[in-house]
Amino acid sequence: MKKLNVGMIGGGFMGKAHSLAYAGMPMFFWPAPAIPHRHTVVDVTEELAKDAAARLGFDNYSTDWREVINNPEIDIIDIVTPNNTHAEIAIAAAKAGKHIICEKPLALGAEQAKEMLEAVKASGVKHAVAFNYRRTPAVALAKKYIEEGRIGKILSFRGTYLQDWSADPNSPLSWRFQKKIAGSGALGDIGTHVVDFARYLVGEITDVNAMTKTWISERPVQTGGIDKLGTVKNGGEDVVKASVDVDDEVITMVKFENGAMGTIEATRNAWGRNNFLTFEIHGEKGSLAFNYERRDELQVCFADDPSDAKGFRTVYTGPATPYGEGLWPIPALGIGYGETKIIETYDLFKAITEDTEFSPNFEDGYVIEKIADAILESAEKGQWVNLEKATVDVK
Ligand code: NAI
Ligand code: SOE
């Protein structure tokens, strides 16, 4: 069986998730399109890179991503570093002829994303953006129902991504609060996942009218680093604070090209909400609702259900629903975050071996950056911003 060598840049949170997927994919989807081989992992120091290789099962480690990109043994470059590094690494990887999977958001904004798209188009490599939540089987099931016309013409979309890990003013000024590294705040970090849902399930967004807010304007600087949950470890020193220059919360109205309307909300300051990534879609013939915190379940209501039994009911995903052939044999055994990444890896490896397009790819990543830029512009101007159909102007 064909083997594809992965060079992974970054050994943090997403490094762990992607490594799990490389190991697990052939166990779920067999025969696998190709076997992922964890060839080399890169991190910023020798200590971090060596530790990442040991933890994540890579044969080699390096502190120089350029060296890995230029290694002829590497087939795929996996970018799991903070947002400000994505463009430089992806453009170099495309020039070196490597297939690329890049974590979301694709870039710091549309201008940078466009350069990334141009680079992958020029080199002809496969390109993927890791909006993995659309690969939750219940979300893929919603897509199937919509494509089959089961809820008819879509009228409205309501999507949220609510978390509370930054509601505490003492949670540190990690890279996610710094514009030069993150691009934007809740919008780019989690709002873009909802934008991906909206485009995937409903269609292209044409207009936005948004508000943003920074609730906590300064946070403790990480002089002593942070633990995995973001607790400041300043070793008893006086806490130094610095300014936050990104949004904590964003709410936008959206218009879709097909006439539907909707709202998208994202915040990391919603006490009690952890990974409250949801959508509710109303169509002329029914409604669908999803909450990632109950990710085995899709809530459905069809207009032609018997009138004495009409209302939302729960469909549990399993062998009969999308990706069921590779996942667990009984519905509701439990789909996890890991499985969404395993499915993403499976689809990427299929796209590479079968020479098809992966979706969402850098085109989608670019359009999502255009939408995110328009949301920020709208919030600043306090008015609707038209996207002129957020199309891809790259050949
Ligand atoms: P993290 O901070 O946990 O890990 C990033 C790693 O990259 C660290 O080990 C850091 O030392 C390393 N790094 C930074 N610059 C580097 C460079 N120039 N060369 C090599 N290594 C470098 O960050 P996390 O949470 O893993 O986020 C990474 C990316 O994944 C971000 O773009 C983020 O938005 C995205 N993400 C996506 C998620 C999803 O659900 N799809 C979930 C979490 C993050
Ligand atoms: C933090 O808000 C974070 O890790 C995001 O960066 C991810 O994209 C999201 O899936 C989980 O939360």
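This is a predicted model: local features need pLDDT of at least 70, side-chain atom pairs count only at pLDDT 80 or more; totals for chains, interfaces and linings use all residues.
**Entry 1: Gln 163 and ligand 2**

One of its polar side-chain atoms lies 2.8 Å from an oxygen atom of ligand 2. I then looked up the place of Gln 163 in the chain and found it in the loop between β7 (154-162) and α7 (179-182).

**Entry 2: the surroundings of ligand 2**

I next listed the residues around ligand 2. They are Phe 13, Lys 104, Tyr 133, Tyr 161, Gln 163, Trp 165, Arg 176, Asp 189, Ile 190 and His 193. Sorted by class, this shell has five nonpolar, two polar and three charged residues. I asked which helix gives the most to the shell. It is α8, with three residues.

I recorded two further distances to oxygen atoms of ligand 2. For Tyr 161, an N or O atom of the side chain is 3.1 Å from such an oxygen. For Arg 176, a polar side-chain atom lies at 3.0 Å. On its own, ligand 2 has 310 Å² of accessible area, and the protein covers 88% of it.

**Entry 3: ligand 1**

I then turned to ligand 1, which has 26 residues around it. Those that come nearest are Met 14, Asp 43, Asn 83, Lys 104 and Tyr 337. By class, I noted 13 nonpolar, eight polar and five charged residues in this shell. Helices α1 (13-28) and α9 (337-354) each supply at least two residues of the shell.

A polar side-chain atom of Tyr 337 lies 2.6 Å from an oxygen atom of the ligand. The side chain of Trp 175 has an N or O atom 3.2 Å from an oxygen atom of ligand 1. At Ala 130 the backbone takes part, with an N or O atom 3.2 Å from a nitrogen atom of ligand 1. Ligand 1 exposes 840 Å² when taken alone, and the protein buries 84% of that area.

Why did I place ligand 1 between two domains? Domain 1 (3-133) and domain 2 (137-334) both contribute to its shell, so ligand 1 lies between them.

**Entry 4: the largest nonpolar core**

I recalled that nonpolar side chains tend to be buried together in soluble globular proteins. The largest nonpolar core here has 112 residues. Within this core, Phe 157, Ile 205, Phe 279, Leu 298 and Phe 362 touch the most other members. Helix α8 (residues 186-201) gives the most to the core, with nine residues. Since domain 1 (3-133) and domain 2 (137-334) both give residues to the core, I noted that it lies between them.

**Entry 5: Glu 115**

Finally I checked Glu 115, which lies in helix α5 (residues 110-123). Its relative accessible area is 42%.

How values were computed:
Residues are numbered from 1 along each chain as its sequence is written. Chains are lettered from A and ligands numbered from 1 in the order in which they are written. Side-chain values use heavy atoms; hydrogens and water are left out. A nonpolar core is a set of buried Ala, Val, Leu, Ile, Met, Phe, Trp, Tyr and Cys residues joined through side-chain atoms within 4.5 Å. Buried means under 20% relative accessible area, exposed over 50%, partly exposed in between (1.4 Å probe, protein chains only). Helices (H or I, at least four residues) and strands (E, at least two) are DSSP runs, numbered from the N terminus. Domain bounds come from an automatic or database domain assignment. A residue is near a molecule or strand if one of its heavy atoms lies within 4 Å of it. A polar contact is a pair of N or O atoms within 3.5 Å; within protein, one must be able to donate a hydrogen and the other to accept it, and residues adjacent in sequence count only if both atoms are side-chain atoms. Accessible areas come from the Shrake-Rupley method with a 1.4 Å probe; for residues, only the protein chains shown count as cover. Ala, Val, Leu, Ile, Met, Phe, Trp, Tyr, Cys and Pro count as nonpolar, Asp, Glu, Lys and Arg as charged, and the others, Gly among them, as polar.
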